[in-house]
Amino acid sequence: MKYDHVREVDPDVADALSAEVDRQRDTLAMIASENHVSEAVLEAQGSTLTNKYAEGYPGERYYGGCEHVDTVEELAIERAKELWGADHVNVQPHSGSQANMGVYLAVLDPGDKILSLDLTHGGHLSHGHHVNFAGQLYDVEHYEVDTETGTIDYDALLDHAREFEPDIVVSGYSAYPRQVEWERIQAAADVADAYHLADIAHITGLVAAGEHPSPVGVADFVTGSTHKTIRSGRGGIIMCDEEYADDVDSAVIPGMQGGPLMHNVAGKAVGFKEALQPEFEEYAAQTVKNAEVLGEQLQEHGFGLVSGGTDTHLVLVDLRESHEDVTGKEAEQALEDVGIVLNANTVPGETRSPFVTSGIRAGTPALTTRGFDADDMREVGDLIAKVVDNVDDEDVRADAAERVQKLCDANPLYE
């Protein structure tokens with residue numbers, strides 16, 4: 001990736017782009033919400049579709065000249081329907097958060113009630129945190145995981161819904177390592193006569209491949225990101241039954257955004273086609289297996305995992321159980337210094353600031369894309385443990401950095 005045209009116009013940006021390619025090649029991307037898309041997806045997202053305004057929907061645009069972008073969007077929609085079995089799909093949201101906004105705008109009025117998982121327990125900002133638009137426009141209360149088990153207390157959620165009487169219950173999480181029982185959350189929505197929004201931003205690919213149960217057909221609305229475990233063009237998606245189709249589409253445009261990013265929609269279409277191939281099921285299964293192995297290896301070194309393990313693509317480590325004096329931020333920085341890029345994360349019962357945290361979150365989607373297998377993940381687990389055990393030891397860091405580079409060289413990226 002030489003970025004010759006960029007370099008001719010803007011060498012500073014070209015240098016940054018080239019440096020980022022090198023950074024991705026020479027580090028282990030373990031932020032659970034990140035992945036490496038194919039060069040085909042990159043090419044689609046860098047296409048001339050970036051030049052085209054296309055407000056509206058296929059066959060019903062506000063502008064002319066949309067015959068080819070109509071084709072692209074229709075392909076993305078039909079492939080998404082096949083992947084997730086949805087009746088209606090909107091592929092235009094610019095992000096997972098805007099997909100959630102589209103649902104709220106479609107069925108809620110300002111001041112309506114949202115019941116969602118607390119951010120420190122694994123929820124997401126767009127589910128109603130007070131600093132986010134959702135927390136500012138709506139009346140929000142949060143349910144929690146059981147701090148002893150690290151899993152959702154479905155009975156407590158049912159009681160909370162009965163007492164609070166929300167207008168919508170939100171499920172789907174950003175730092176929850178276990179499978180979600182969608183039907184039990186639907187029961188909580190039913191008792192309050194509420195809508196149910198399942199946000200599968202992190203597990204879109206796992207759901208598509210059958211590695212996680214699907215909320216499609218259970219929840220009223222399913223939203224997601226299209227660039228995480230599904231490994232497609234960057235953006236968001238909304239799925240729903242036909243009865244909500246017009247409300248959702250109107251909420252997206254003209255309700256909350258104008259022209260769709262058609263180059264990103266093209267990336268979604270290409271990535272969805274890749275996900276329909278048999279190899280993608282193998283990839284998703286290996287992603288889950290790699291996370292399981294990583295968790296087991298960390299436990300071998302005495303690390304405590306929230307919920308005791310994982311069923312998904314991520315592990316959530318509670319450092320208080322093994323390294324009481326090491327914060328999540330300190331662990332994140334020490335690991336990044338050796339080329340292991342993950343993130344500090346709050347844990348259930350968090351006592352530190354969300355900018356400091358008592359935990360770290362590590363995901364396997366990007367490493368699995370590079371070809372990492374179970375043996376590789378055991379070595380990664382050893383490296384994480386060694387660095388966190390010796391967070392201030394420069395010799396340990398130097399050795400770990402060397403081993404990280406060997407892993408990167410053995411599993412090349414964007415050759």
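Here is a short chat about the fold of this predicted model.

Visitor: Hi! What kind of model is this, and how many helices and strands does the protein have?
Guide: Hello! This is a predicted model, and the protein has 16 helices and 15 strands.

Visitor: What radius of gyration does the protein have, and how does that sit with a compact globule?
Guide: The protein has 21 Å. A compact globule with 415 residues would have a radius of gyration near 22 Å, so the two agree.

Visitor: And what box do the C-alpha atoms fill?
Guide: Along the principal axes, the box is roughly 60 × 60 × 40 Å.

Visitor: On to sheets. What is the strand order in the open sheet of 7 strands?
Guide: The order is β4-β10-β9-β8-β7-β5-β6, and the pairing is mixed. At the edges are β4 (88-90) and β6 (139-143), each of which pairs on one side only. From one strand to the next, the twist averages 20°.

Visitor: In there, do β7 and β8 pair in the parallel or the antiparallel sense?
Guide: Parallel: β7 (residues 168-171) and β8 (residues 195-199) pair over 4 bridges.

Visitor: Which strands does α10 lie across?
Guide: Helix α10 lies across β4, β9 (221-225) and β10 (236-240), and runs at about 0° to β4. Helix α10 covers residues 245-256 and contains Pro-254.

Visitor: Now that proline: is the peptide bond from Ile-253 to Pro-254 cis or trans?
Guide: The bond from Ile-253 to Pro-254 is cis, with omega near 15°.

Visitor: While we're on backbone geometry, which residue has a positive phi although it is not a glycine?
Guide: Look at Tyr-3, whose phi is about 55°. Tyr-3 is in the segment before α1 (4-9).

Visitor: Back to sheets. What's the order in the open sheet of 4 strands?
Guide: That sheet runs β11-β12-β15-β14, with antiparallel pairing. Its edge strands are β11 (304-305) and β14 (343-345), each pairing on one side only.

Visitor: How many bridges join β12 and β15?
Guide: There are 5 bridges between β12 (residues 314-318) and β15 (residues 359-363), in the antiparallel sense. Across that pair, Leu-316 stands opposite Arg-361 in β15.

Visitor: Which strands of this sheet does α12 touch?
Guide: Helix α12 (residues 278-300) packs on the sheet and touches β11, β12 and β15, with its direction at about 20° to that of β12. Helix α13 (residues 328-337) also packs on the sheet, touching β14 and β15. The direction of α13 makes about 45° with that of β15.

Visitor: At what angle does α12 pack with α15?
Guide: The angle is about 40°, and the axes of α12 and α15 (residues 374-389) are 8 Å apart. That makes the two helices oblique to each other, and their crossing is right-handed.

Visitor: Who's in the contact?
Guide: From α12, the residues include Val-293, Leu-294 and Leu-298, and from α15 they include Met-377, Val-380 and Ile-384. By class, the contact has 8 nonpolar, 4 polar and 2 charged residues.

Visitor: What about α15 and α16, then: roughly parallel or roughly antiparallel?
Guide: Helix α15 and helix α16 (residues 394-410) pack at an angle of about 160°, with axes 10 Å apart. The pair is therefore roughly antiparallel. This crossing is left-handed.

Visitor: And how do the residues of that contact divide by class?
Guide: They divide into 7 nonpolar, no polar and 6 charged. Among those meeting there are Asp-376, Glu-379 and Lys-386 in α15, and Asp-399 and Arg-403 in α16.

Visitor: Great, thanks for the tour!
Guide: You're welcome!

Definitions and conventions: Residues are numbered from 1 along each chain as its sequence is written. This is a predicted model: local features need pLDDT of at least 70, side-chain atom pairs count only at pLDDT 80 or more; totals for chains, interfaces and linings use all residues. Side-chain values use heavy atoms; hydrogens and water are left out. Two strands pair if DSSP finds at least two bridges between them. Contact means heavy atoms within 4.5 Å. Axes are lines fitted to C-alpha atoms, for helices over the stretch in contact, and angles run from 0 to 180 degrees between N-to-C directions. Angles under 35 degrees count as roughly parallel, over 145 as roughly antiparallel, 65 to 115 as roughly perpendicular and the rest as oblique. A crossing is left-handed if the near helix is turned anticlockwise from the far one by less than a right angle, and right-handed if clockwise. Ala, Val, Leu, Ile, Met, Phe, Trp, Tyr, Cys and Pro count as nonpolar, Asp, Glu, Lys and Arg as charged, and the others, Gly among them, as polar. The radius of gyration is taken over C-alpha atoms; the globule rule is 2.2 Å times the number of residues to the power 0.38.
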